[in-house]
Amino acid sequence: MVDPNPFLPVSNPGYTPLPDDANPIGTPVTRRRPISLYVAVVSGLLALGLFVALIGYRGSDNVQVHGNESGSLAASSGQPEIVRPVSRGPAAGVSEKANRHFADVGRLRSFPWNNSMLSWQRTAFHFQPEKNWMNDPNGPLFYKGWYHFFYQYNPNGALWGDIVWGHAVSRDLIHWFHLPLAMVPDQWYDFNGVWTGSATILPDGKIVMLYTGATNESVQVQNLAYPADPSDPLLIKWIKYSGNPVLVPPPGIHHKDFRDPTTAWLTSEGKWRIIIGSKINRTGIALVYDTKDFKTYELLDRLLHGVPGTGMWECVDFYPVSKTEDSGLDTSINGPEVKHVVKASLDDDKHDYYAIGTYHDKNSTWVPDNPEIDVGIGIRYDYGVFYASKTFYDQDKSRRILWGWIGESDSEFADVKKGWASIQSIPRTILFDNKTGTHLLQWPVQEVESLRLSSNEFDKVQVKAGSVMKLDVGSATQLDIEAEFEIDKEALDKAPESNGRFSCSSSGGSAKRGALGPFGVSVLADETLSEQTPVYFYIVKGNGGKLTTHFCTDQSRSSEATDVNKPIYGSYVPVLEGEKLSLRILVDHSIVESFAQGGRTCIASRVYPTKAIYGAARLFLFNNATDASVTASLKIWQMNSAFIRPYPNENK
């Protein structure tokens, strides 16, 4: 039943569909102190106004997914079609959602994908809808025994557009039930999209959902929603607050640069506080708002933080991490044994950056521990395909969990042909790495281990320089791999020092040999290694004998397809005195998630082989160093498939 006393009272228990002649009227009650930072720029920005017309692109007008009565994909025509990449998203005021890797190529001929290849790409234990487009994770939470996952979704096709909130629930973050759409754009304040938002669970257990709506004039505003029936553990029906929008862009902020509210946290004064991403000129910023009731807000005169040159901050996140305990913290926790993380998704380069620092409750600011690795210029959550991430506190198991959107790296032509696009990462726990003091540790949630089946162990395998060894593990399409490597100490001592800089992306990949690397594992390889995706370490000995370790994934030979982006990903990974080199790899068809040194550095890759699929997929151990032998120990599990299907009683 509908809550008779909701936290956010409304004039009626539902909300009225958008009338044909709807126009935005009224302004939400917002109290604001003067903001000196905005005064200098407001005169130059006021002329921008709220004037943009409706979004030109509507996904349902452009998407056609072909299938037969049994739901299988249409057969390949055999004749490659010409791929013409188009932009999707920026005109509406959000980040680019189309795969633009081939935009400079012009008229690129698509690879002649067939049904067998495309069907193989669908994952077995990563979350994805039954069909169509998906992007940002939204409002994750744990409620009455269920994990809830909401997400940006196009119900009409495999390309971005017509965005609503999809909804799924799980008991364990691995097996999922699809539920009816949670929210759709049926009001003037979200007419052009129900965009990214966050959930806050109040002390009395009630839920408040804040989300960005794109109005019928493409203005970004913040809105409130809450469950129609809090007694329903599945939270199927949602009510939009009758006073929406509760926030509009403040003076000095462009109407398309005001989005993605965070989970709220309690201040020392007993108020709730949120941040919203924006920018001023080229400075990415986090605006700060306080509220007592989630209906009226006060814009504070200080920014939580800002970094020049980083551009628009979207999908911002803010949360505490413990300096002493291996457990997560509720978002409102603060104190001397706590650090705080600020994360922003940079619209400019489509990567998620974080930094660790100190939060000052009284003046609502945050200061990074090391300005040289500040937000947007330092450390990333993931060095592969990983964006628009969001964390939540799992109060059931006292942990903080990270979700991230993993997009496609193939052509939109292929996505439309297979009928879907994008997956979500395996949920990751997040902890402060008190050994480095600079990094977070990300690790797949423990529940994923419930999918492990039979295993193979390879103990202290000697891998000489320049050698490749096939690992007989059977099918290599769904794997969980844990490995440790020890490089020959004598070779380390004898290796020459180098003044050169190493970069995973520009140093030739796994085929480029050096004295101390690369060495690692090649996943999704065919028998002849004509297709392979190496995941590896590369050690550089610098001046004074200082060793620097890099962790990389090389997709340059991952597929013979021409309409696939095949970069080399990676970054530096801290390796402390006495630590062995360690990695974990989750292989799930077209996604490879890799974690080095307990999750200090992570890489998510999308891989689209044409031959190394089904029973033809192989696994290899390799050492392409010129001077050093390596000792490797591995344990490799076959992985079962997760049950991800519609809830058996959707008409509950």
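These legends go with several close-ups of a predicted model. Residue numbers start from 1 along each chain as its sequence is written, and side-chain values use heavy atoms, with hydrogens and water left out. Since you'll want the confidence cut-offs: local features need pLDDT of at least 70, side-chain atom pairs count only at pLDDT 80 or more, and totals for chains, interfaces and linings use all residues.

**View 1. A six-stranded open sheet with mixed pairing.** Reading across, the strand order is β24-β4-β5-β6-β7-β40. Strands here are DSSP runs of E with at least two residues, helices are runs of H or I with at least four, and both are numbered from the N terminus. Two strands count as paired if DSSP finds at least two bridges between them. At the edges sit β24 (420-421) and β40 (644-646); each has a single partner strand, so one side of each is left without a neighbour in the sheet. Zoom in on β6 (residues 164-170) and β7 (residues 176-183): they run antiparallel, joined by five bridges. Within that pair, H167 stands opposite L179 in β7.

**View 2. An open sheet of six strands with antiparallel pairing.** The order this time is β28-β39-β30-β35-β36-β37. The edge strands are β28 (452-463) and β37 (601-606), and because each has a single partner strand, one side of each is left without a neighbour in the sheet. On average, neighbouring strands of this sheet are turned by 15 degrees against each other, direction ignored. For that number, axes are lines fitted to C-alpha atoms (for helices, over the stretch in contact), and angles run from 0 to 180 degrees between N-to-C directions. Strands β30 (residues 478-487) and β39 (residues 630-639) run antiparallel and are held by nine bridges, with I481 standing opposite I636 in β39.

**View 3. P250 in its loop.** Look for P250 between β11 (238-240) and β12 (265-266). Its relative accessibility is 7%, so P250 counts as buried (buried is under 20% relative accessible area, exposed over 50%, partly exposed in between, with a 1.4 Å probe and protein chains only). L299 is 49 residues away along the chain, yet the C-alpha atoms of P250 and L299 are separated by 8.5 Å.

**View 4. A buried salt bridge, E298 with K271.** Side chains of opposite charge can pair when their charged atoms come close. The cut-off for a salt bridge is a side-chain nitrogen of Lys or Arg within 4 Å of a carboxyl oxygen of Asp or Glu, and a search of the whole structure turns up 37 of them. In this one, the closest N and O atoms of E298 and K271 are 3.8 Å apart. E298 belongs to strand β15 (residues 297-299), while K271 is in the loop between β12 and β13 (272-280), 27 residues apart.

**View 5. The E527 and K470 salt bridge.** Here the closest N and O atoms are 3.0 Å apart. E527 lies in the loop between β31 (519-525) and β32 (533-541) and K470 in strand β29 (residues 467-470), so the pair ties together parts that are 57 residues apart in sequence. E527 has 44% relative accessibility and counts as partly exposed; K470 is partly exposed with a relative accessible area of 44%.
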